[in-house]
Amino acid sequence: MERREPSMSSEERPKRAAGPRPAKKGTVAAGVKAKMAQKLPKKGEGQGRRPKKARQAPIVPPQAVAGRALMLVVAIMSFLACLTVGFVTVVNDAATDWSNDLVRELTIQIRPVDGIDMLQQIDRTVALAQEFPGVGHVRALSDTETQELLQPWLGAGLDLEDLPVPRLIMVKVDQPELLDLGELKRTVEDQIRGSSLDDHRLWTQQLSSMANGAVVIGFGILVLVLASMILSVVFATRAAMSGNKEVVEVLHFVGAEDRFISAEFQRHFLVLGLKGGIVGGAIACLSFLLIEFLGNTSTEFGAAGQAQALLGTISVSLAGYIGVVLVVVLVAVLTAVTSRIAVHSHLAGMD
């Protein structure tokens, strides 16, 4: 038999001509979920991985040409400042050693007197000086030592018996706090004719004045170097802000706080100043070691020999190296603070 399709009413015919019916709501949601499941990672995949945060670009480019030039300037200024600190410590230590040696050493001079035996006067003086508390070793210079002292002025081959040459007695002081210097001076000059005691007080005062002058000069040079570095940082900060003028203005006018903008510049210049300070301080420390090596091994050269004769063993003490570390920290702090103040001043002018 021939199969007949059921007759359709007039209302059903337009619906069938329009095409298939849309899926139900539940069916559509299921399809969307299936597609999302294909895009999402499966369970267990990617576990233990944290999403990477978007790295915020700095306002000031870290590899800017101006930044590299400023780091070189800061390194040079730090090197000069560290050299100044090392020079001051060397001179101060040498002056202190000289003063300590002079305080612990006295000189008794006995001039020739007619009718008095010089050798007896020398023996009496040595015995008298040894009786005082605080005095250590007392000895008279021999004829050979006296001739060597006078040789630069009177030449070699002197006969001390024919010349009225004063004799010197060296007094070593072991405990300066126990020695009554005034009493020793009066006793020796009263009991020994033609004698005089020299406590090197004038030399000690001159050495103290020289050391204080060197410290003042070094401090002045250090201030000038740091002032020059601060001016360089100010100009570099203004140049950095001019190069990033659009970024700074946008941040400023959209409501970014001044401390946020200045903190970005401060962080940049703090790292820059710290790098420059470390480079300058390291080169200064290497220079100290090189000068110490050359100064203590080659006394034949004129400059090295004169420096060693004047300052003794040329070496920077621990205080000098601590001063270098403090200079590096001070340079970094001054660089950061100067840049922050310059940025605040620039932003205040924009309001």
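## A short helix to start with

Let's begin with helix H5, residues 143-154: its twelve residues put the end C-alpha atoms only 15 Å apart, short of the 16 Å that a straight helix would reach at 1.5 Å a residue. The expected span used here is 1.5 Å times one less than the number of residues in the helix. Just after H5, Gly155 takes a positive phi of about 85°.

This is a predicted model, in which local features need pLDDT of at least 70 and side-chain atom pairs count only at pLDDT 80 or more, while totals for chains, interfaces and linings use all residues. Residues are numbered from 1 along each chain as its sequence is written, and side-chain values use heavy atoms, with hydrogens and water left out.

## The chain as a whole

The chain has eleven helices and four strands. Both kinds of element are DSSP runs numbered from the N terminus, with helices (H or I) of at least four residues and strands (E) of at least two.

Of the 351 residues of the chain, 30% count as buried. Here buried means under 20% relative accessible area, exposed means over 50%, and partly exposed is in between, using a 1.4 Å probe and protein chains only. As for contacts (heavy atoms within 4.5 Å), residues 24 or more positions apart account for 82% of those in the chain with a separation of 6 or more.

## Helix H4 and its two faces

Helix H4 covers residues 118-130, and its 13 residues should span 18 Å at 1.5 Å a residue; the end C-alpha atoms are 19 Å apart, which agrees. The buried residues of H4 are Met118, Gln121, Ile122, Thr125, Val126, Leu128 and Ala129. They sit on the same side of H4, because they cover an arc of only 165° around the axis. That arc is taken from the directions from the helix axis to the C-beta atoms.

What do these buried residues pack against? Their partners are strand S1 (105-110), strand S2 (135-140), strand S3 (167-173) and helix H6 (181-191). On the face of H4 turned away from the buried side are the exposed residues Leu119, Gln120 and Asp123. At the start of H4, a side-chain oxygen of Asp117 comes to within 3.3 Å of the backbone nitrogen of Leu119.

## Two nonpolar cores

In soluble globular proteins, nonpolar side chains tend to be buried together. A nonpolar core here is a set of buried Ala, Val, Leu, Ile, Met, Phe, Trp, Tyr and Cys residues joined through side-chain atoms within 4.5 Å. The largest one has 28 residues, of which Leu70 and Phe265 touch the most other members. H3, helix H7 (201-243), H9 and H11 each supply at least two residues of this core, and the largest share, eight residues, comes from H7. Apart from it lies another core, of 19 residues, including Ile110, Ile169, Val171 and Val173.

Val173 lies in strand S3 and is buried, with a relative accessible area of 4%. Not counting residues up to four places away in sequence, Val173 touches Val103, Arg104, Leu106, Gly134, Gly136 and Leu179. Val138 is 35 residues from Val173 in sequence, with 8.9 Å between their C-alpha atoms.

The structure holds one aromatic pair. The rings of Phe288 and Tyr321 have their centres 6.0 Å apart and their planes at 80°, so the pair is edge-to-face. For such pairs, rings of Phe, Tyr and Trp (its six-membered ring) must have centres within 6.5 Å; planes under 30 degrees apart count as stacked, over 60 as edge-to-face and the rest as tilted. Phe288 lies in helix H9 (residues 258-297) and Tyr321 in helix H11 (residues 318-350), so the pair ties together parts that are 33 residues apart in sequence. Phe288 counts as buried at 6% relative accessibility, whereas Tyr321 is partly exposed, at 22%.

Ser262 also lies in helix H9 and is buried, with a relative accessible area of 0%. Leaving out residues up to four places away in sequence, Ser262 touches Arg340, Val343 and His344.

Helix H3 (residues 65-103) holds Thr89, which is buried at 14% relative accessible area. Beyond its neighbours within four places in sequence, Thr89 is in contact with Val316, Ala319 and Gly320. Val90, in helix H3, is buried with a relative accessible area of 13%. The C-alpha atoms of Val90 and Gly320 are separated by 8.0 Å, and the two residues are 230 residues apart along the chain.

How values were computed:
A polar contact is a pair of N or O atoms within 3.5 Å; within protein, one must be able to donate a hydrogen and the other to accept it, and residues adjacent in sequence count only if both atoms are side-chain atoms.
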